[in-house]
Amino acid sequence: MDFNLTNEQELLRDGLTKFLASRYDLAASRAAAKTGPGWQPEIWRGFADELGILGATLPEEAGGIGGGPVETMVIAEALGHALVIEPFVDTVVVAGGLLHRSGNEGAAALLEDIVAGSAIAALAATEPTSGDNWRDVSTTARRDGDEWVLNGTKVMVVNAPLATHLLVTARTSRERADTDGISLFLVDIASLTTGFSTHPYRTVDDRRASDLTFSDVRLPAAALLGTEGQAWPALDLARDEGAAAVCAEAVGGMRKVLADTVEYCKQRQQFGLPIGSFQALQHRMVDMHMEVEQASAAVYLAVLNLDAEPAQRAKAVSAAKATIGRAARFVGQNAVQLHGGMGMTEELAIGHYFKRLTAVQYEFGSTDYHVSRYAELTRG
């Protein structure tokens, strides 16, 4: 199996890395997250106009380049290394994949806007009682003439405060938690006048999210994406693609955390010597390095199996997510400990990376969820 990047993929990685090194300031990013709009729109425009990464993995007919999972991995790892909070995974990977596979005319138009950087999309799939189970859908959509009437509540919809459009899961038939009967609807937020309420907030890792309530919200017939009641296979794939992408993002973050920790241990003096010269701390940093490399290998396994049949894909993604969950916890905690009290201050980057690595453990299924899913899939 060839793990080497092509020349084009290396150019993609190097161009994005240089852009982020010169243009993406961590202090400015955190200021935008805490006191500003929650992101930097000018950076998003740069991703679209200067780098073209918003279309790197989207189809050519939408103005994209038509790249695949490896390109997604390359981009996500670079974004994780720079601790980028702009919604690449949610908008391009998850929503973009769902829109592309729906075959809907409105979805095709939205894809073009996403590639151009003029639209942000967020998936609303989790509910107050669903936890990690996206099949547990109590939100409903019923036909009323030429319209759909949407009722229900969605929680922890990451990047919803930034979004121009929502992709909302709703049950159009069958019982709650049945995979059949789940449909997906495209909602233009600007078109909503009544029955829609939102509770926005900032997450622990400085991202924006919202809880959403739909009360007799009327949607046009064209809002239905794909076949009625048959959205689950596409949602299942989108979730695995999102999980693989945040795993790659976590690897980028862990590589940065490890490098900063090694550098800090070379400079921090104790008893007249750099603490990095102490063998016990060297062993700990070696353990951190091994966790990062295992995590990277697990991400390759997931990425190279995203096009496999569903059970094999799910097993590879869950193995990666479980591995990343363990590694992110180990690397993040040890980095903070080796930095001492400074590790959790706002002034040092390490604390911000630690929060992100903690949040990654719960995105697109928690570590425990993926351990359980892997065990179920490998049970003989």
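1. **Cover over helix α1.** The cover over the buried residues of α1 includes α3 (41-51) and α4 (69-81). Buried means under 20% relative accessible area, exposed over 50%, and partly exposed in between (1.4 Å probe, protein chains only). Helices (H or I, at least four residues) and strands (E, at least two) are DSSP runs, numbered from the N terminus. The buried residues of α1 are Q9, L12, L16, F19 and L20. Seen down the axis of α1, they fall within an arc of 100°, so they line one face of the helix. That arc is taken from the directions from the helix axis to the C-beta atoms. On the other side of α1, N7, L11, K18, A21 and S22 are exposed.

2. **Basis of the model.** This is a predicted model, in which local features need pLDDT of at least 70, side-chain atom pairs count only at pLDDT 80 or more, and totals for chains, interfaces and linings use all residues. Residues are numbered from 1 along each chain as its sequence is written, and side-chain values use heavy atoms, with hydrogens and water left out.

3. **Length of α1, and R23.** Helix α1 covers residues 7-23, 17 residues in all. Its first and last C-alpha atoms are 24 Å apart, close to the 24 Å expected at 1.5 Å a residue. The expected span is 1.5 Å times one less than the number of residues. R23 belongs to α1. R23 is partly exposed, at 38% relative accessible area. Beyond its neighbours within four places in sequence, R23 is in contact with I43 and E50. Contact means heavy atoms within 4.5 Å.

4. **Domains.** The domain assignment gives domain 1 (7-120), domain 2 (123-229) and domain 3 (232-379). Such bounds come from an automatic or database domain assignment. The C-alpha centres of domain 1 and domain 2 lie 23 Å apart. Their contact takes 24 residues from domain 1 and 19 residues from domain 2.

5. An unreviewed UniProt entry places "domain: Acyl-CoA oxidase/dehydrogenase middle" at residues 122-217. UniProt positions are in the numbering used here, feature names are shortened, and annotations may be inferred rather than shown by experiment. In the model, residues 122-217 are 0% helix and 53% strand, and the end C-alpha atoms lie 18 Å apart. The unreviewed entry also places "domain: Acyl-CoA dehydrogenase/oxidase C-terminal" at residues 241-375. Residues 241-375 are 76% helix and 3% strand, with end C-alpha atoms 20 Å apart.

6. Helix α7 has 36 residues and reaches 52 Å from its first C-alpha to its last, close to the 52 Å expected at 1.5 Å a residue. It is mostly covered: 26 of its 36 residues are buried. The largest nonpolar core has 115 residues, and F47, L167 and M254 have the most contacts inside it. Helix α7 gives the largest share of this core, 16 residues. A nonpolar core is a set of buried Ala, Val, Leu, Ile, Met, Phe, Trp, Tyr and Cys residues joined through side-chain atoms within 4.5 Å. In soluble globular proteins, nonpolar side chains tend to be buried together. Leaving aside neighbours within four places in sequence, M254 is in contact with V292, A295, I324, A327, A328, V331 and L357.

7. E241 is in helix α7 (residues 232-267). E241 counts as buried because its relative accessible area is 17%. Apart from residues up to four places away in sequence, E241 touches V93, R101 and L306. E291 is in helix α8 (residues 279-303). E291 counts as buried because its relative accessibility is 14%.

8. **Positive phi in two loops.** Most residues other than glycine have a negative phi. N159 has a positive phi, near 70°. It sits in the loop between β3 (147-158) and β4 (165-171). N159 is buried, at 1% relative accessibility. D206 has a positive phi of about 70° and is not a glycine. D206 lies in the loop between β6 (196-202) and β7 (208-220). D206 is buried, at 2% relative accessibility.
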